[in-house]
Amino acid sequence: MSDQREMIIVMDFGGQYNQLIARRIRECKVYCEVVSYKMPLEEILAKKPKGIIFTGGPNSVYADDAPRCGREILEAGIPVLGICYGAQLMAYLLGGEVTTAPVSEYGKTQVSTDPHTALFHGLPQTQICWMSHTDYISRVPEGFRITATTSDCPAAAMENDDRKLYAVQFHPEVQHTEHGTEMLYHFVREVCGCAGEWEMHSFVQDSIERLRAQIGDARVLCALSGGVDSSVAAVLLSKAVGKQLTCVFVDHGLLRKDEGDEVERIFGPEGPYDLNFIRVNAAEHFYEKLAGVTEPENKRKIIGEEFIRVFEAESKKIGHVKYLAQGTIYPDIIESGLGDSATIKSHHNVGGLPDYIDFDEIIEPLRMLFKDEVRKVGLELGIPETLVFRQPFPGPGLGVRIIGDITSEKVRMVQEADAIFREEVAAAGIDRSISQYYAALTNMRSVGVMGDGRTYDYAVTLRAVTTSDFMTAEAVPIPWEILFKVTNRIVNEVKGVNRVLYDCTSKPPATIELE
């Protein structure tokens with residue numbers, strides 16, 4: 001990627017919607033990065049951002065332990081937009097007043113805006129926005145004017161246009177704010193002056209050039225799972241360094257039914273890609289390491305470490321390998337913890353890595369991309385749509401789709417149930433309208449009756465969601481006739497299962513995977 005690209009910095013103060021802000025900025029065709037509020041000012045300025053966004057957060061700005069940056073960032077001549085907590089922080093740092101609101105605002109709220117302002121021009125004077133705050137700006141700083149109000153919030157937005165400082169109490173990044181994307185567009189494209197040149201074609205060309213320069217004549221070992229992310233990373237690296245790349249596919253026994261053979265057909269010697277390909281069948285090794293382990297984070301960390309150890313062993317067989325390449329993407333990084341934000345779950349290729357690895361460096365060519373951007377890169381690289389739009393699959397595999405301890409028998413049950421679910425969804429013609437769907441095995445056993453006999457078997461949970469960025473998701477209302485057919489097939493065809501459940505939970509509060 002060119003160092004001359006336009007950039008917006010999103011400063012993370014611990015809010016739950018921070019990744020959505022980044023996603024919306026990317027939708028404006030402007031590159032952005034999420035950084036901790038603790039990043040020193042000189043490091044931020046070194047990135048040469050064209051604008052900065054302060055995110056929301058759960059704290060009160062006037063509390064002793066509140067996360068704050070220095071006032072200097074507001075005096076650097078860079079346009080800044082504060083959102084929710086970020087708006088209150090801007091007011092607090094510049095001498096305004098933030099207090100507990102007499103009336104807290106949550107959810108959809110009618111907001112009156114001034115259409116003759118940088119953020120709101122051309123938008124309706126009255127619109128619905130998403131509020132989530134107990135504090136509010138009770139007095140704006142000197143030089144600011146109020147640009148939006150609600151019945152309970154006297155300063156729902158403020159600006160100092162001369163200094164290019166703007167703030168909104170509501171959340172423009174969420175779907176419930178009717179014209180939020182347009183507000184963010186006004187900020188990044190008009191206030192910050194970004195041209196909107198962030199496109200996948202330029203990313204692919206810049207990445208290939210950068211990878212060639214970085215790797216030189218060294219060898220690279222790529223962790224290839226056969227999923228979308230690692231496949232795109234492998235083909236991108238192959239375009240950059242050719243036969244210097246060796247792809248190692250570890251079949252850890254936690255893949256979907258027949259998936260190991262499918263991966264080998266695509267990337268192996270008979271496949272369309274000219275790759276050095278090694279398949280390692282390590283199911284028994286992983287089952288042994290995971291025996292008796294039930295805690296999800298421990299599973300992820302064990303799987304992550306064993307992956308690395310297998311790669312190290314394979315690298316020694318082919319001589320010195322300087323680089324380990326992975327298909328890490330941006331949601332992996334954000335969910336594994338950034339700044340003071342909560343760690344949602346450790347991804348095996350981020351938070352799950354062991355402290356010591358036997359490679360000089362790790363290469364993650366997709367680490368700043370969201371899932372839909374990875375798919376666009378795949379299409380730019382000429383990867384077939386059948387692979388680019390393949391169902392997402394977590395790095396730890398079925399290890400995080402089996403609640404409780406892992407055994408080969410449980411793996412068999414969830415593989416067969418999942419294959420039936422995917423087969424029927426595809427047969428119904430709704431597979432491309434669902435972002436992710438799968439079957440998982442609960443650790444609940446219950447009494448049932450089959451024939452004239454009593455059973456005491458496991459329950460399978462089906463899950464299907466739609467999402468644009470895999471940071472938030474909604475459950476899919478799959479037609480009952482499809483669920484009924486899937487249920488009948490699973491309880492009749494999968495030995496050890498006598499009950500099928502459907503997960504209707506959105507993300508948040510749940511995650512897409514069960515663990």
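Q: How do you know what length to expect for helix H4, and what span does H4 reach?
A: The model is predicted: local features need pLDDT of at least 70, side-chain atom pairs count only at pLDDT 80 or more, and totals for chains, interfaces and linings use all residues. Residues are numbered from 1 along each chain as its sequence is written, and side-chain values use heavy atoms, with hydrogens and water left out. The expected span of a helix is 1.5 Å times one less than its number of residues. H4 has 12 residues, and 16 Å is expected. From first C-alpha to last, H4 reaches 15 Å, close to that value.

Q: Why is Lys 371 called buried?
A: Buried means under 20% relative accessible area (exposed is over 50%, partly exposed in between; 1.4 Å probe, protein chains only). Lys 371 has 8% relative accessibility, so Lys 371 counts as buried.

Q: Which residues touch Lys 371, leaving aside its neighbours within four places in sequence?
A: Contact means heavy atoms within 4.5 Å. By that rule, Lys 371 is in contact with Asp 229, Ile 329, Pro 392 and Phe 470.

Q: What makes the side chains of Lys 371 and Asp 229 a polar contact?
A: A polar contact is a pair of N or O atoms within 3.5 Å; within protein, one must be able to donate a hydrogen and the other to accept it, and residues adjacent in sequence count only if both atoms are side-chain atoms. The two side chains make their polar contact at 2.9 Å.

Q: How do you know that strands E3 and E4 pair?
A: Two strands pair if DSSP finds at least two bridges between them. E3 (residues 51–54) and E4 (residues 80–83) have 3 bridges, in the parallel sense.

Q: Why do strands E12 and E14 count as edges?
A: The open sheet runs E12-E11-E10-E13-E14, with parallel pairing. E12 (276–281) and E14 (361–363) each have a single partner strand, so one side of each is left without a neighbour in the sheet.

Q: What joins E11 to E12?
A: 6 bridges join E11 (residues 245–251) to E12, and the two run parallel. In E12, Ile 278 is the bridge partner of Val 248.

Technical notes. Helix = DSSP H or I, 4+ residues; strand = E, 2+ residues; numbered from the N terminus.
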